[in-house]
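Okay, everyone, thanks for coming.

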Amino acid sequence: MGGSQSREGLEISDCDEYEEGEEDNEECEEARSSSGIKSQFKTPEPIRSRETTDALDEVDAKFQSLKLKYSSKSPSPNLKNAVKLYLHVGGNTPKAKWITSEKLTSYSFIRVDPGNPDDDEEEESDDEGTRKKSNICWVFKIGSKVRTPVNSAMQLKMFPEQRRVDFVALGVWAIKFFADEDFRAFVTKYQNCLFENLYGLEATEENRVKIYGKDFLGWAKPEAADDSIWEEAEDAFSRSPNSLTPFRANQDLREEFEEAANGGIQSLALGALDNSFLVSDSGVQVMKNFSHGIHGKGAFVKYNGGGAHVSTSTFEHSTPKKALLMKAETNMLLMSPMTEGKPHAQGIHQLDIETGRVVTEWKFEKDGADITMRDITNDNKGSQLDPSGSTFLGLDDNRLCQWDMRDRKGIVQTIASGDTPVLSWNQGHQFSRGTNFQCFATTGDGSIVVGSLDGKIRLYSKTSMRMAKTAFPGLGSPITHVDVTYDGKWILGTTDTYLILICTVFIDKDGKSKTGFNGRMGNRIAAPRLLKLTPLDSHLAGVNNKFQRGQFSWVTENGKQERHLVATVGKFSIIWNFQQVKNSNHGCYMNQQGLKSCYCYKIVPKDESIVDSRFMHDKFAVTDSPEAPLVVATPMKVSSFSISSRR
């Protein structure tokens, strides 16, 4: 199965939905059902044929020319919040189309009590000062057909030139406005309601400063942000002597390998040398690395019997959720959660890949007390290739540390002095309830980026884990995964409904270019960019349509630039071209309000939810391809794709 271009959505026409009586009504009901929308709406009454309607319209026009009292059937601009409502049917089939659901209707933003979501008494109020912030949320409503909380799960996409917005609400909908000012008023109201739902505060200038801080007002007001950093980064990218094949709009994906795995794949561990590995609920499957992907070698290491002999005496065994390669990829660390559904682990198993045996069971301990870890990662982007490497990083909800395997007791090796398990950050905010770390990643030199439950992204230099050099504010959604380029200039954070791309480059007071890992960025901070799916693609991705594991392509060499970004969303692997995303003149960014969002991507669809999608190491890129192969793992299969450039 090959890759496909992102589906921007079919052009909406203003023709009538129904042409002939009852047959069309039945077709519409069937279409609504196929879109996953419950049949809760009344079937419209049959209308007259097209010829009859045209004849009547001609008579109507003559009556109007006589300036008699006449009630027109055309949409009335005097209706408050008037819109035309459309429904997308047919999914991604050849029969896909937009149908008119309501020729004339109106929308409203209402405030409801979450404890009583069906209560519509809390209607929109003009008195902003009377709102109850603690227990009221905004809901978007269109007649009896649309009712959904105002949040990022709507995947709302704006088309200013068409006075149109598309969104998801038990199906894919679109509304068109009758005037530009109506469209702009809707966008402003939507963004204010979204802010209030996210933060529990009214969307005032004062509250925006409170949430984002004075240095990050460009995140709240992107139109006022300094975009020059993006432009400078783009210029530097194009001047790079190590740039590979330039991006072409007609790049294609071709599938090289697809083969069945041993089943129950939980994670993917790509190697930069000879082998890569599929970690399943019964063992580790060894794959051979090629310039066109990975292919099975037939070797399989079982956890219990016939190889690994994993003991459960130290801590309860469950399926490993994280595998980390070390010691020139001859060893693998397997971290299993204490219980299914909870990511924290009390220790790790060290697997010797060459012998297929677990050589050590390590326990996390600090000052004589057992502790847990949420995640582990390598010291830097290339440290898994170091044959003498014996340290790795650990992350828990309120703890960031380095572990050293040379000490049989597993003592924590903290870079910063001090015994406190909670790493405080004192750069403007104090987290009295902890940092709520969720994920982390490292640069080529060992600097660390950490994502948190509150959406904040913190940057730590390689010399200190106690004080964050920079802390980017959250956009209201938890960061579930984070990655960073080898040079530390770009960060990619994953949330359930979008990816956030952040530039860490800034110019210090001496005019020197630095990153947020080694200096305070001050107030010249570029606004981030968001990578999103169109509402239609988000709906088609499947039930589990959350963004997961957004990451850059893989380089471990100074001067090399990552070329692509990839993430999984349900049954889709989504690929963005990095250079295109950074281009300030990219078409996606024209006439946008709010943070700039990119919708240009390629889709690799699969038949089941995808476990992970990752690009192989840059060394496997060949001369006729701008990128190393992409490996896509599902619970039962693994596939490899190459990006080819058609001239």
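**Aromatic pairs and ring contacts**

Both W576 and Y601 are buried. Keep in mind that this is a predicted model. Those two rings, W576 and Y601, pair up edge-to-face, with 5.6 Å centre to centre and 65° between the planes. Now, where do they sit? W576 is in strand 36, residues 572-577, while Y601 is in the loop between strand 37 (597-598) and strand 38 (602-605), so this pair ties together parts that are 25 residues apart in sequence.

Okay, stepping back: searching the whole structure turns up 20 aromatic pairs. Take F216 and F472: their ring centres are 5.8 Å apart and the planes are at 75°, so that's an edge-to-face pair. F216 comes from the loop between helix 4 (205-212) and helix 5 (217-220), and F472 from strand 27 (residues 470-472), so here the pair ties together parts that are 256 residues apart in sequence.

And are those two buried or exposed? F216 has a relative accessible area of 10%, so it's buried, given that the cut-off is under 20%. F472 counts as buried too, at 1% relative accessibility.

There's also a cluster to look at. Ring pairs link Y107, F109, F140, F167, F177, F183, F186 and Y190.

Last up, charges over rings. K157 has its charged end over the ring of Y599, 4.2 Å from the centre. Then there's R208, which lies over the face of F195, 5.2 Å from the ring centre. Okay, that's my tour of the rings.

Conventions. Residues numbered from 1 in each chain as written. Predicted model: local features only at pLDDT ≥ 70, side-chain atom pairs only at ≥ 80, totals over all residues. Heavy atoms only, no water. Phe/Tyr/Trp six-rings, centres within 6.5 Å; stacked < 30°, edge-to-face > 60°. Helix = DSSP H or I, 4+ residues; strand = E, 2+ residues; numbered from the N terminus. Buried < 20%, exposed > 50% of the residue type's maximum accessible area, 1.4 Å probe, protein only. Lys NZ or Arg CZ within 6 Å of the ring centre and 35° of its normal.
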